[in-house]
Amino acid sequence: MSDIVKTLHYDVDPKDFDSVGEASGKTKNVLRQLGFPPEVLRRVAIAMYEGEINMVIHANGGTADVEISPKQIKITLKDNGPGIPDIEKAMQKGYSTASEEARSLGFGAGMGLFNMDTYADELNITTKIGVGTTVEMIIRT
């Protein structure tokens with residue numbers, strides 16, 4: 001028997017900077033309704049938001065799936081973008097390949113993967129150049 005309480009699915013629209021944060025905000029609200037502590041809500045919201053913005057800036061959108069159980073929140077972000085050529089470099093604080101458009105809107109500070117790693121208890125990135133990237137994050141409650 002599964003201990004998953006709830007699953008959520010979101011489509012992240014490509015290049016739609018106005019909707020960035022909707023999935024993480026909705027997930028945060030569901031977690032609040034389920035009674036998770038504020039620190040868990042904060043960590044999930046930050047990590048998931050960073051993933052959303054990365055999908056909009058770099059990957060032509062994608063999907064976000066969330067599995068909620070009493071002991072952990074698992075977030076899986078998938079895209080069909082260009083892939084990440086150098087994960088180690090991309091994980092560095094401040095490293096960014098964001099476009100001028102994204103930067104002019106206040107995005108692309110190079111904190112995305114760094115913050116995902118900081119706020120998740122586990123982070124796994126699978127990427128293939130020209131195919132896409134999957135990011136799995138686990139946040140223990």
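This is a predicted model: local features need pLDDT of at least 70, side-chain atom pairs count only at pLDDT 80 or more; totals for chains, interfaces and linings use all residues.
View 1. The largest pocket holds about 620 Å³ of space. Its lining counts 37 residues, and those closest to the centre of the pocket are Asn54, His58, Ala90, Thr97 and Leu113. Which elements each supply at least two residues of the lining? They are helix 2, strand 3, helix 3 (87-90), helix 5 (112-119) and strand 5 (132-140). Helix 2 gives the largest share, with eight residues. How can empty space be found at all? Rolling a probe the size of a water molecule over the atoms shows where space is left empty.

**View 2. Helix 5 lines up its buried residues on one face.** Look for Gly112, Leu113, Asn115 and Met116, which are buried in helix 5. Seen down the axis of helix 5, its buried residues fall within an arc of 160 degrees, so they line one face of the helix. What do these buried residues pack against? Their partners are helix 2, strand 3, helix 3, strand 4 (122-128) and strand 5.

**View 3. Helix 1 covers residues 22-33, and its span checks out.** With 12 residues at 1.5 Å a residue, helix 1 should span 16 Å, and its end C-alpha atoms sit 17 Å apart, which agrees. Now pick out Ala23, Ser24, Thr27, Val30 and Leu31, which are buried in helix 1. They cover an arc of only 120 degrees around the axis, so they are on the same side of helix 1. Strand 1 (6-12), helix 2, strand 2 and strand 3 (72-78) are among what covers these buried residues. Just after helix 1 comes Gly35, with a positive phi of about 90 degrees.

**View 4. Phe36 sits in the loop between helix 1 and helix 2.** Is Phe36 buried or exposed? Phe36 has a relative accessible area of 15%, and the cut-off for buried is under 20%, so Phe36 counts as buried. Not counting residues up to four places away in sequence, Phe36 touches Leu31, Leu41, Ile68, Ser69, Pro70, Ile73 and Thr141. Take a look at Thr141 in that list: Phe36 and Thr141 are 105 residues apart along the chain, yet their C-alpha atoms are separated by 7.6 Å.

View 5. At 1.5 Å a residue, the 21 residues of helix 2 should span 30 Å; the end C-alpha atoms of helix 2 are 30 Å apart, so the two values agree. After helix 2 you meet Asn60, with a positive phi near 60 degrees. Asn60 has this positive phi although it is not a glycine.

**View 6. His9 belongs to strand 1.** How accessible is His9? Its relative accessibility is 45%, so His9 counts as partly exposed. Leaving aside neighbours within four places in sequence, His9 is in contact with Thr63, Ala64 and Asp65. Now trace the chain from His9 to Pro38: these two residues are 29 residues apart in sequence and 22 Å apart in space, C-alpha to C-alpha.

Note on methods
Residues are numbered from 1 along each chain as its sequence is written. Side-chain values use heavy atoms; hydrogens and water are left out. Helices (H or I, at least four residues) and strands (E, at least two) are DSSP runs, numbered from the N terminus. The expected span of a helix is 1.5 Å times one less than its number of residues. Buried means under 20% relative accessible area, exposed over 50%, partly exposed in between (1.4 Å probe, protein chains only). The arc is that of the directions from the helix axis to the C-beta atoms. Contact means heavy atoms within 4.5 Å. On a 1 Å grid over the protein atoms alone, a cavity is a set of points where a 1.4 Å probe fits but cannot get out, and a pocket is an open set with protein on both sides within 12 Å along at least five of seven lines; lining residues have an atom within 4 Å of a point. Grid points are joined across faces, edges and corners, and a volume is the space filled by probe spheres set on the points.
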